[in-house]
Amino acid sequence: MVEAQSWTTRRGSNPRFEPPSTDQVLDIPVTPTAEIRQQHYAALISPGILTAAIIAAWYFSNIGVLLLNKYLLSFHGYRYPIFLTMLHMLSCAAYSLFAIKWLEIVPFQQIHSRRQFFKILALSIIFCFSVVCGNTSLRYLPISFNQAIGATTPFFTAIFAFVITCKKESAEVYFALLPVVLGIVLASNSEPLFHLFGFLMCIGSTAGRALKSVVQGILLTSEAEKLHSMNLLLYMAPMAAVILLPFTLYIEGNVFAITVEKGRGDSFMVFLLIANATVAYLVNLTNFLVTKHTSALTLQVLGNAKAAVAAVVSVLIFRNPVTVMGMTGFAITIMGVIIYSEARKRSKVTAH
């Protein structure tokens with residue numbers, strides 16, 4: 001009898017499992033998303049300081065890549081603009097993948113159709129043409145003159161928009177383009193270091209940028225195919241690198257082996273190439289950030305000022321000769337671009 005009681009006590013002493021009450025709720029903290037983390041970090045910095053820092057980064061990266069390209073191609077003896085452009089594209093592809101996939105700066109978007117793929121491929125070809133022409137022109141022209149020609153992008157944009165889409169602007173807008181062209185004519189006639197091939201390459205680069213903006217507006221207008229600018233760069237950059245590979249091998253020879261050989265004897269050149277490729281991506285990243293934190297119009301105004309700043313900085317660093325007539329022509333071009341921007345803005349307000 002005692003043994004039975006002892007056994008019962010031992011059984012009763014074992015804890016029984018009771019399911020938790022349905023009224024109890026476990027308070028598990030939510031993992032913050034990338035957007036929430038960015039808002040948290042941004043809240044620690046004054047919005048004005050943040051915007052100013054982003055604009056400063058945009059200026060430094062834009063002017064920096066111009067100066068590095070010019071130094072490499074003209075003064076350091078690295079005369080391979082196509083291969084340099086391919087390095088830029090590979091850098092943009094790698095950094096874009098890191099920024100979108102790991103840093104989650106913007107949501108990742110996939111290509112949904114073969115039609116969309118070929119549209120992006122077409123943009124990549126135009127993009128290649130523009131960047132290669134721009135880098136090639138820096139071998140022969142000073143940055144100040146290069147920027148003066150680049151300021152005529154609105155002129156080519158208006159032409160391509162009319163030819164391709166039959167889009168007509170107001171008479172005021174077309175009239176505003178006259179000083180843009182007049183300024184370049186004056187600057188070209190008085191440029192001490194004028195080089196015809198370099199001039200044609202720079203015109204090709206400027207026209208290519210304008211054509212890309214028009215074609216991009218046509219090809220990726222539907223909501224189903226529209227890509228964020230950083231996702232578009234993620235797809236365009238590797239396509240552009242593949243397109244450039246046969247051209248650099250055919251035109252510039254065994255450039256990879258030449259670059260490796262040069263790098264072994266000149267470690268500073270390796271640093272320049274890495275820095276150059278990194279800054280080339282920062283141009284695209286800061287371009288997106290400036291638009292996000294300000295507006296597309298502000299970016300356009302800053303771009304006009306950037307051309308003048310880059311021209312002054314290049315003259316101070318590389319000491320290329322300038323003439324009063326050349327400076328006057330550049331100033332007229334910049335003023336024409338500003339007048340054109342204002343005329344387009346008024347035209348849009350009137351249309352609405």
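T259 is buried in this predicted model, with a relative accessibility of 11%, and falls within helix α11 (residues 255–265). A polar atom of the T259 side chain lies 2.8 Å from the backbone oxygen of V255. Apart from neighbours within four places in sequence, the contacts of T259 are Y78, F83, M269 and L273.

Aromatic pairs are a second topic. The whole structure holds 12 of them. In one, the ring centres of F75 and F318 are 4.9 Å apart and the planes meet at 5°, so the pair is stacked. F75 belongs to helix α3 (residues 47–75) and F318 to helix α13 (residues 296–318), so this pair links distant parts of the chain, 243 residues apart. F75 is partly exposed, whereas F318 is buried.

Another pair, Y95 and Y281, has ring centres 5.4 Å apart and planes at 25°; this pair is stacked because planes under 30 degrees apart count as such. Y95 sits in helix α4 (residues 81–102) and Y281 in helix α12 (residues 267–293), so the pair ties together parts that are 186 residues apart in sequence. Y95 is partly exposed, and Y281 is buried.

| Residue | Relative accessibility | Class |
|---|---|---|
| F75 | 48% | partly exposed |
| F318 | 16% | buried |
| Y95 | 33% | partly exposed |
| Y281 | 5% | buried |

Two further aromatic features remain. F145, F194 and F199 make up one aromatic cluster. At F108, the charged end of K101 sits over the ring, 4.1 Å from the ring centre.

How values were computed
Residues are numbered from 1 along each chain as its sequence is written. This is a predicted model: local features need pLDDT of at least 70, side-chain atom pairs count only at pLDDT 80 or more; totals for chains, interfaces and linings use all residues. Side-chain values use heavy atoms; hydrogens and water are left out. Helices (H or I, at least four residues) and strands (E, at least two) are DSSP runs, numbered from the N terminus. Buried means under 20% relative accessible area, exposed over 50%, partly exposed in between (1.4 Å probe, protein chains only). A polar contact is a pair of N or O atoms within 3.5 Å; within protein, one must be able to donate a hydrogen and the other to accept it, and residues adjacent in sequence count only if both atoms are side-chain atoms. Contact means heavy atoms within 4.5 Å. Rings of Phe, Tyr and Trp (its six-membered ring) pair if their centres lie within 6.5 Å; planes under 30 degrees apart count as stacked, over 60 as edge-to-face and the rest as tilted. A charge sits over a ring if NZ of Lys or CZ of Arg is within 6 Å of the ring centre and within 35 degrees of the ring normal.
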